[in-house]
Amino acid sequence: MKKYSVFAIVREAMRGHKGWEPQWRSPEPKKEYDVVIVGAGGHGLATAYYLAKEHGITNVAVLEKGWLGGGNTGRNTTIIRSNYLYDESAAIYNHAVKLWEGLSQELNYNVMFSPRGVMMLAHNINDVQVFKRHIHANRLNGVDNEWLTPEQAKEFCPPLNISRDARYPILGAALQRRGGVARHDAVAWGYARAADGLGVDIIQNCEVTEFIIEGGRCRGVRTTKGDIRAERPGMAVAGHSSVLAEKAGFRLPITSYALQACVSEPVKPALDCVVLSPATGTYVSQSDKGEMVIGGGLDRIPSYAQRGNLPVLETVISGLLEMFPSFRQLKLMRQWAGIVDVVPDSSPIIGESPLPGLFLNCGWGTGGFKAIPAGGTLLAHLLATGRHHDISRPFDLDRFVRGRLIDEAIGSGIAH
């Protein structure tokens, strides 16, 4: 794998840029691998990369029914944070943030991680109490979080409307300065390139139709490109986890919803942070191209439709204009949806499935993008060793039997 650098760019410029190689290969699948991972989104690609890098397992295939990064990885609002309430959640998301901070250097690929700060607005006394509780809990877990007065929030984010006459007046805000955004496509491409460079096969347009089950154990998958056997299969397919689980003969406590987002026309830099309003569920940041990237809460009708609808768009935009009246003249360019996998306690599932030999990484809900490096390292550890990492153990599927739920939705007061 050719290393990217300033010197490489200059060298290729002098050659007419004819020496660049494809970022990853497009091999035909082999009949057998040590590990097969279903899903070439962020979590699947990260798992393959960490299997090769951290555990020396390079005989790995990542299977994708469409194109690489064409699912939720390319359909999210790219927010990264770790200011979660419970100890278990703080540990897993802070593990991810620590990896995000050095990811561009590690992958030799600019994932455009920008720790510009994530600010969550408090609009009533309950919000104030909840966020201050979060701040204290976060600090006990070594996670940065701080309280801002309305004036300090305005200083940090000048376009913010802090008028007391607003429909949702701002009483303060919780700020995680290490939070921010990254470029979704670049994350998928960076992991794919690095994994391919270590010998991983990335196979696109290869849909899994069945699981190979022998002796009550998963031994591989049947695909549109033939049977592929593996000692340890893994699955990281986000909102379609229930669909594949049904093919494997078990059910998951997952409901799939459309999570909608939209972007405005590009404008000059005006918003140098991420702002979230729990009263409306609206959150917004500005991309490096200048677009306002706007998201909202779940559309609570189970769906696999990757498109938006007008009622949700109206709610999201009204919330945006409450926070930023100066954005009223912006034109919207496009609207879309990703399919998120929501679990009853709003926390992920990492561990072995009810089908022995098949391992799961799912249930991230709206938190999947921010957790990509953590999900990859933890599933890779499971596949390589057959045992949980200390961070992933609380998120095993058996927590629903043991009653050890990690209910972040109710703990936060908002969906994550």
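Trainee: How many aromatic pairs does the structure hold?
Mentor: It holds ten aromatic pairs. Rings of Phe, Tyr and Trp (its six-membered ring) pair if their centres lie within 6.5 Å; planes under 30 degrees apart count as stacked, over 60 as edge-to-face and the rest as tilted. Before we go on, this is a predicted model: local features need pLDDT of at least 70, side-chain atom pairs count only at pLDDT 80 or more, and totals for chains, interfaces and linings use all residues. Residues are numbered from 1 along each chain as its sequence is written, and side-chain values use heavy atoms, with hydrogens and water left out.

Trainee: OK. What kind of pair do W100 and F113 form?
Mentor: W100 and F113 are stacked, with 6.2 Å centre to centre and 25° between the planes. The pair links distant parts of the chain, 13 residues apart: W100 is in helix α3, and F113 is in the loop between α4 and β4 (118-122). Helices (H or I, at least four residues) and strands (E, at least two) are DSSP runs, numbered from the N terminus.

Trainee: Is W100 buried or exposed?
Mentor: W100 is buried, at a relative accessible area of 1%. F113 is buried too, at 17%. Buried means under 20% relative accessible area, exposed over 50%, and partly exposed in between (1.4 Å probe, protein chains only).

Trainee: What is W100 in contact with, leaving aside its neighbours within four places in sequence?
Mentor: Its contacts include I80, V111, F113, A182 and V187, and also F369, K370, I372 and P373. Contact means heavy atoms within 4.5 Å.

Trainee: How many residues does the largest nonpolar core have?
Mentor: The largest nonpolar core has 53 residues, and W100 is listed with L45, I92 and Y191 as having the most contacts inside it. A nonpolar core is a set of buried Ala, Val, Leu, Ile, Met, Phe, Trp, Tyr and Cys residues joined through side-chain atoms within 4.5 Å. Among the elements that give two or more residues to this core are α3 (87-101) and α10 (372-385).

Trainee: How do the axes of α3 and α10 cross?
Mentor: They come within 7 Å and cross at roughly 105°. The two helices are therefore roughly perpendicular to each other. Axes are lines fitted to C-alpha atoms, for helices over the stretch in contact, and angles run from 0 to 180 degrees between N-to-C directions. Angles under 35 degrees count as roughly parallel, over 145 as roughly antiparallel, 65 to 115 as roughly perpendicular and the rest as oblique.

Trainee: Which residues make that contact?
Mentor: From α3 come I92, H95, A96, L99 and W100, and from α10 come I372, P373, A374, T377 and L378.

Trainee: New topic. Where does N205 lie?
Mentor: N205 lies in the loop between β8 (201-203) and β9 (208-214). N205 has a positive phi of about 55° although it is not a glycine. Most residues other than glycine have a negative phi. N205 counts as exposed, at 53% relative accessibility.

Trainee: And is C206 buried or exposed?
Mentor: C206, in the loop between β8 and β9, counts as buried at 1% relative accessibility. Not counting residues up to four places away in sequence, C206 touches L63, E64, K65, T223, T224, K225 and I228. The C-alpha atoms of C206 and T224 are separated by 5.7 Å, with the two residues 18 apart along the chain.
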